[in-house]
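Look at the sequence and the structure first, then read on.

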Amino acid sequence: MEDYSIERLLKYRFISNVRISPNGDEIACIATKSYREYKKKNPESTLFIFKKNMEIKRKIDGHGIKSFEYASSGRSLYVCGNNIIVLNNNGMDISLNFPGEIDTAKWYDDSRIIFTAKEKKVNGEDDAYFFEESDSFNSLYIIDMNSGIKKITEKLNIWEFSVDGKNIYAIASECPQESCWYASKVYKIGIDRDIKIIYDPEYRQIGKIRAFNDNVAFLESVMSDRGVVSGDIILISGDKTKNLTEDSDSSYSHIEFFNNNIYAMENHMSEFRIKNIDTGSILWRGTGIVYPVVSPEFSISLNKIALVFSDTENPGELLFINGDEIIKSEINKELRNSPKYANELIEWDSNGMRIYGFLRSLGPEKPLIVYIHGGPTSFSYPAMIDRTTMYLDNGYSVFLPNYRGSIGLGRKYAESNLGDLGGNDFEDIINGINFLKSTGKIKTDRIYITGGSYGGYMSALAVAKSNIFRASVSLYGISDWVSFHGTSNLHLWDQIHMHEDPYKFNKYDKFSVIRMNSDIKTPILLMHGIEDPYVPYGQYLEFYRYLKDKNKKVRLLLFPREGHGFGEKMHMIQQYRETLKFFDENI
């Protein structure tokens with residue numbers, strides 16, 4: 001048997017941080033390996049700066065390169081570790097060091113830079129600390145190339161920011177813990193430290209803030225993970241606030257101001273469009289995935305567009321779109337001749353709602369893996385190479401349901417499982433499988449389920465609420481909502497999505513797998529990273545012990561040095577080997 005085709009994924013470069021220079025003559029992006037080397041914190045990455053014909057102008061290699069930006073004059077910078085590097089065309093680059101962890105940097109004007117960073121703490125032998133009382137804030141700073149660094153904010157955690165040449169607009173919270181992101185507000189901040197709140201989304205989350213000429217726009221929805229951003233477009237202009245996409249059946253993941261217009265990345269069931277929100281005109285469209293997967297983006301300048309796109313026929317590449325001309329990068333060119341698999345959009349009715357997903361079938365008789373995405377406010381999509389491709393390589397069809405609570409059909413759809421996690425959204429998956437059977441798209445009883453994070457929860461839930469799966473492989477998911485709330489660094493997330501006080505012990509008990517007292521018959525393989533702060537691995541220690549005490553078939557594979565997801569090369573290989581081995585053994 002082929003070695004699970006993991007090598008193709010390991011060769012893949014994920015391309016992000018696409019930027020077009022103000023004069024439209026350059027395009028930049030960051031290409032990152034899909035894995036980390038043993039004990040490395042960050043994967044290797046490369047900053048590419050292309051000429052407009054996609055000839056490489058400059059290439060910079062490193063670990064953890066991020067946050068590339070152009071100034072209006074065309075000067076550029078990028079962040080790597082605790083350094084901001086200003087690139088000069090004469091090759092005399094300037095490295096600006098900060099004693100801490102730099103997150104993001106942007107130009108304020110041609111000689112000043114705004115950046116966010118956490119100051120480095122020095123611990124001595126007395127390194128005990130009070131929980132949640134000594135965490136560092138991600139603060140705003142300004143660098144004047146002549147006079148040095150000045151701190152702008154105190155006791156305010158900056159998650160994102162944008163600059164319009166006069167003010168800084170930030171998504172921020174009054175506490176620095178990861179869970180505080182779920183209670184962020186929009187702040188207007190002057191470099192003279194004049195700070196005021198201009199928008200409170202209440203229980204919703206906000207992201208992708210953009211500012212231009214005293215206008216500020218951002219995305220708003222209930223969101224599951226910081227960085228996984230999609231929702232409606234909210235515009236604040238003067239003293240007026242307006243939802244520009246209210247009741248849309250599309251999700252929006254990116255916005256840009258250009259020539260006094262707002263352009264947006266629109267996703268309708270994985271048909272992506274770049275749309276002028278003011279006129280409604282479509283500048284580009286494609287069915288597949290725009291990268292980064294968690295938060296698709298684009299760049300626009302002088303009516304030229306750059307984005308990273310993949311469909312089922314092509315690996316992800318940087319596209320430079322100038323009218324009818326499209327020029328493509330060759331970052332992933334060695335993967336262009338990889339196997340290609342058909343993809344079918346599937347829609348079905350489930351408990352009063354129209355649900356969608358994708359089927360990648362090798363034939364109705366082939367065994368089927370049901371792959372459940374995380375979030376829940378995320379989505380599965382059609383692409384040439386992703387984390388399900390090796391299942392297809394090894395003879396399995398793959399079903400990717402975008403259950404209620406997913407992205408791709410607007411904010412109402414994304415918020416439709418609030419207060420019902422593990423209820424109708426799980427039934428959407430079962431009803432989708434039944435639909436495939438009733439239409440003859442699958443004719444097999446060899447059905448398996450897997451997924452990570454919320455998909456891991458669903459894969460664990462599947463063994464308690466159903467007997468239709470031959471086996472489950474559940475990755476870093478939740479088994480007990482009460483203990484999750486007490487030990488996760490996302491304790492506001494579950495309250496928002498459960499829509500209930502955890503200490504009522506109502507929904508939290510009702511939807512916890514280990515509290516369902518089910519007669520579990522399905523073999524299950526659990527996998528977890530022992531450094532996961534989002535879903536602590538104690539969730540699977542609990543579930544493993546619960547199943548062992550009941551003499552059920554369960555195994556638990558723990559990965560050192562891994563957080564929420566597996567990134568070290570050998571860990572990724574082992575994940576796929578063990579998954580397919582477990583499915584192959586349970587026929």
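Arg-411 counts as buried because its relative accessible area is 13%, where buried means under 20%, exposed over 50% and partly exposed in between (1.4 Å probe, protein chains only). The model is predicted: local features need pLDDT of at least 70, side-chain atom pairs count only at pLDDT 80 or more, and totals for chains, interfaces and linings use all residues. Residues are numbered from 1 along each chain as its sequence is written, and side-chain values use heavy atoms, with hydrogens and water left out.

**Salt bridges**

Side chains of opposite charge can pair when their charged atoms come close. A salt bridge here is a side-chain nitrogen of Lys or Arg within 4 Å of a carboxyl oxygen of Asp or Glu.

| Pair | N to O distance |
|---|---|
| Arg-411 and Asp-232 | 3.5 Å |
| Lys-166 and Asp-214 | 2.8 Å |
| Lys-151 and Glu-154 | 3.4 Å |

Arg-411 meets Asp-232 in a salt bridge. This pair links distant parts of the chain, with Arg-411 in helix α3 (residues 411-414) and Asp-232 in strand β19 (residues 232-237), 179 residues apart. Helices (H or I, at least four residues) and strands (E, at least two) are DSSP runs, numbered from the N terminus. Asp-232 is also buried, since its relative accessible area is 2%. A further set, Glu-266, Glu-271, Arg-273, Lys-275 and Arg-285, is joined into one network by salt bridges that share partners.

In another pair, Lys-166 is partly exposed because its relative accessible area is 46%, and Asp-214 is partly exposed at 33%. Glu-154, the partner of Lys-151, counts as exposed because its relative accessibility is 55%.

**Cavities and a pocket**

On a 1 Å grid over the protein atoms alone, a cavity is a set of points where a 1.4 Å probe fits but cannot get out; a pocket is an open set with protein on both sides within 12 Å along at least five of seven lines, and lining residues have an atom within 4 Å of a point.

How many cavities of 30 Å³ or more does the search find? There are three. The largest has a volume of about 90 Å³, and its lining includes Ser-224, Trp-493 and His-564. The second largest cavity has about 40 Å³ of space, and Val-229 and Phe-272 are among its lining residues.

The second largest pocket holds about 390 Å³. Of its 22 lining residues, Arg-13, Thr-46, Phe-48, Lys-59 and Ile-331 lie nearest its centre.

Technical notes:
Points joined across faces, edges and corners; volume = space filled by probe spheres on them.
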